[in-house]
Amino acid sequence: MKGIILKDLYDNFCIPKNAASYIFGGGIAILFSLLARNHFQYVLFVGVIFPMLGGCAVEASTEQDETANINKLLITFPVTKTEIVLSKYLLGFGFLAATNILSLTLAFVHVFLFHTLTLSEALHIFGLGVGVSLAFLAASYLGYFLLGKRWGTIFFISVTLLFGALYGTASSMLGVDIFLSCDIWVILVCLLIGAILTGLSFAISTKVFKRRYS
């Protein structure tokens with residue numbers, strides 16, 4: 001499993017075009033998040049966009065796997081098919097941890113330097129963002145395992161647009177402050193839903209992978 005994770009890390013960061021996309025996309029997102037000076041922009045970047053970046057780990061690795069047909073080689077290794085799928089998700093969790101730590105850091109910057117919002121409001125958005133990141137990882141990974149690189153990417157973009165549209169609609173109809181002052185139980189439910197969706201995504205992806213390479 002360690003070797004598969006290292007291979008996927010190489011695919012993401014050592015292939016120039018993939019590394020460039022992370023540097024450019026991440027840099028733009030950080031820049032705009034630092035320029036955010038109102039609640040709507042803050043929640044959009046720190047609570048929606050950054051948490052979703054964690055679901056990007058599978059895109060580059062899937063492209064390279066399909067190009068080299070690497071999965072047929074992996075199933076001959078002394079690892080189970082479940083472990084192959086698990087290694088993909090573990091790397092995704094690593095990405096989630098990194099992006100959520102960055103999100104929390106930006107939250108502290110906005111609280112203590114820019115005074116965009118209070119610490120309580122920032123932590124509410126961070127908690128909701130973790131739930132969003134889990135749900136987005138679940139959807140994007142399942143899409144790539146079910147549909148492959150080409151259609152999986154289309155599905156990935158569609159889910160990204162859907163998450164953005166849901167946030168835009170909810171903030172327009174209910175006001176962005178509903179996210180800043182939501183009850184702790186709402187955050188816990190969001191985290192629970194995200195965890196359940198991730199578990200279901202992993203289970204379905206494993207079945208799909210086993211059936212495809214049986």
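A salt bridge is defined here as a side-chain nitrogen of Lys or Arg within 4 Å of a carboxyl oxygen of Asp or Glu. The structure is a predicted model, in which local features need pLDDT of at least 70 and side-chain atom pairs count only at pLDDT 80 or more, while totals for chains, interfaces and linings use all residues. Residues are numbered from 1 along each chain as its sequence is written, and side-chain values use heavy atoms, with hydrogens and water left out.

Across the whole structure, four salt bridges are found. One of them joins D11 to K7, with the closest N and O atoms 3.3 Å apart. These two residues lie about one helical turn from each other because they are four residues apart in helix α1; helices are DSSP runs (H or I, at least four residues) numbered from the N terminus. K7 also meets D8 in a salt bridge, at 2.7 Å from N to O. Together with K88, the residues K7, D8 and D11 are linked in a network of salt bridges.

Another salt bridge is formed by K149 and E59, whose closest N and O atoms are 3.1 Å apart. This pair links distant parts of the chain, since K149 belongs to helix α7 and E59 to helix α4, 90 residues apart. E59 has a relative accessible area of 22%, so it is partly exposed.

Helix α4 itself comprises the twelve residues 57-68. The expected span of a helix is 1.5 Å times one less than its number of residues. Within α4, the residues A57, V58, A60, S61, T62 and D65 are buried. Their cover includes α1, α2, α5, α6 and α7, where contact means heavy atoms within 4.5 Å. Just after α4, N69 takes a positive phi of about 50°.

The final topic is the surface. A nonpolar patch of about 1,100 Å² is present, and its members include L146, W151, F155, V189 and L200. Such patches consist of residues with over 30% relative accessible area and no salt bridge, with nonpolar side chains (Val, Leu, Ile, Met, Phe, Trp, Tyr) joined within 5 Å and like charges within 9 Å. Helix α9 gives the largest share, seven residues.

How values were computed. Buried < 20%, exposed > 50% of the residue type's maximum accessible area, 1.4 Å probe, protein only. Areas by Shrake-Rupley, 256 points an atom, 1.4 Å probe, with all protein chains shown as cover.
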